[in-house]
Amino acid sequence: MHTNALKLFDKYALPLFKDGMSILEVGIGKRYWLSPYRKMAPERKLDFHFCDLGNFGSHEQGFLRQADEYSINKEDCRFDAVISQQTI
């Protein structure tokens, strides 16, 4: 991931993330793209989830399998924030 993306996330998004928030990261891609964002706030108690249509990373804790582009396997499908690092 480009360092400018990490700097932008650190400055503008990270301050908004509070303990207990449920976060969904969309379009994580292959394993080497798996959420550098979650590693930026290890002291916060965030409920981090990931999804990708290719179901890459399905072995990772918090991964939500997708049946199609409109559904994920989470009962209430509620998140406090949805972010994306590689998806347009």
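Q: Why does β2 count as largely enclosed by the rest of the structure?
A: Strands here are DSSP E runs of at least two residues, and helices are H or I runs of at least four, both numbered from the N terminus. Buried means under 20% relative accessible area, exposed is over 50%, and partly exposed is in between (1.4 Å probe, protein chains only). β2 is largely enclosed because of how many of its five residues are buried: four.

Q: What kind of model is this, and from what number are residues counted along each chain?
A: It's a predicted model, so local features need pLDDT of at least 70 and side-chain atom pairs need 80 or more, while totals for chains, interfaces and linings use all residues. Side-chain values use heavy atoms, with hydrogens and water left out, and numbering along each chain, as its sequence is written, starts from 1.

Q: In which sense do β1 and β2 pair, parallel or antiparallel?
A: Two strands pair if DSSP finds at least two bridges between them. β1 and β2 have five bridges, and V26 stands opposite C51 in β2. The sense of the β1 and β2 pairing is parallel.

Q: Which residues does F17 contact, leaving aside neighbours within four places in sequence?
A: Contact means heavy atoms within 4.5 Å. With those neighbours set aside, F17 is in contact with F9, I23, R44, L46, A81 and I83.

Q: How far from a polar atom of the D19 side chain is the backbone nitrogen of K45?
A: D19 sits in the loop between α1 (3–13) and β1 (22–26). Beyond four places in sequence, D19 touches E43, R44 and K45. A polar contact is a pair of N or O atoms within 3.5 Å; within protein, one must be able to donate a hydrogen and the other to accept it, and residues adjacent in sequence count only if both atoms are side-chain atoms. From the D19 side-chain polar atom to the K45 backbone nitrogen, the distance is 3.0 Å.
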